[in-house]
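Dear colleague,

Please find below the structure that I am handing over to you, followed by a summary of the findings.

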Amino acid sequence: HKEERFLSPVLPLIALSAAIALHFMARLFASPLPARLAHPAYILMTGTVVLVSLLLSSSRAALIVHGFAAPLRAWPALSRDVAAHERSTGLLDLPMNVCVGKEWFRFPSSFLLDSDPARRPSRVRFIKSRFDGQLPAWFDPWDSVETLFHATRRVDETLNRDNKEDFSRYVKEEECHYLVDLASPQQAEKHYEQSSDWEEVARFPFLDLPASRFPYKS
């Protein structure tokens with residue numbers, strides 16, 4: 001979660017506190033035992049706790065990579081397909097609209113899109129979904145240091161502090177060249193993967209939390 005960055009200064013202290021607590025708990029566990037068994041018992045308890053922690057942490061990391069890495073795999077695949085489309089068609093004049101709907105918040109970075117003006121640049125656009133809050137705005141285009149300062153300092157009049165929806169952010173589905181979306185049985189939005197208007201370029205698995213049972217989703 002984004003608020004976890006505020007905890008980063010104290011994370012080393014949390015790890016140190018856990019190590020100290022484990023040390024004293026292991027000593028307390030081994031203290032009633034004879035001297036010849038105390039040290040092996042101390043090693044056994046600390047080693048068991050550390051091993052279990054490593055296994056749980058590794059399985060958690062593996063689950064995140066396996067279950068939720070689809071956006072990080074989909075956007076590079078999209079960029080490769082855009083480049084292949086350019087080579088096959090020679091279309092380099094108009095920007096390529098890459099649209100997102102309900103998955104707008106999982107868009108990793110514009111660095112994954114080709115913005116080279118010498119080629120056909122790609123840009124992210126939003127289509128309407130059930131989300132009714134305020135979507136991100138775009139920076140003004142820039143081609144020099146002076147226009148860069150203007151683009152980053154300009155106050156967008158469409159922004160508001162109440163998280164109200166701004167319909168100027170949306171484009172029509174017909175204006176989209178590509179669409180990145182998550183297909184879920186629970187979604188109320190249109191199933192674009194079933195529409196004859198769209199051709200599937202790439203598909204990657206994504207963990208369906210509501211349909212997953214414990215412990216496979218934790």
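How many helices and strands are there in the protein chain? There are four helices and three strands, where helices (H or I, at least four residues) and strands (E, at least two) are DSSP runs numbered from the N terminus. Along the sequence, their pattern reads α-α-α-β-β-α-β.

This is a predicted model, in which local features need pLDDT of at least 70, side-chain atom pairs count only at pLDDT 80 or more, and totals for chains, interfaces and linings use all residues. Residues are numbered from 1 along each chain as its sequence is written, and side-chain values use heavy atoms, with hydrogens and water left out.

Of the 218 residues in the protein chain, 26% are buried (under 20% relative accessible area; exposed is over 50%, and partly exposed is in between; 1.4 Å probe, protein chains only). Among contacts (heavy atoms within 4.5 Å) with a separation of 6 or more, 69% involve residues 24 or more positions apart.

Helix H1 spans residues 11-30 and contains Leu-11. Leu-11 counts as partly exposed because its relative accessibility is 46%.

Asn-163 lies in the loop between helix H4 (145-153) and strand S3 (178-180). Its phi is near 60 degrees, a positive value in a residue other than glycine. Most residues other than glycine have a negative phi. With 44% relative accessibility, Asn-163 counts as partly exposed.

Yours sincerely
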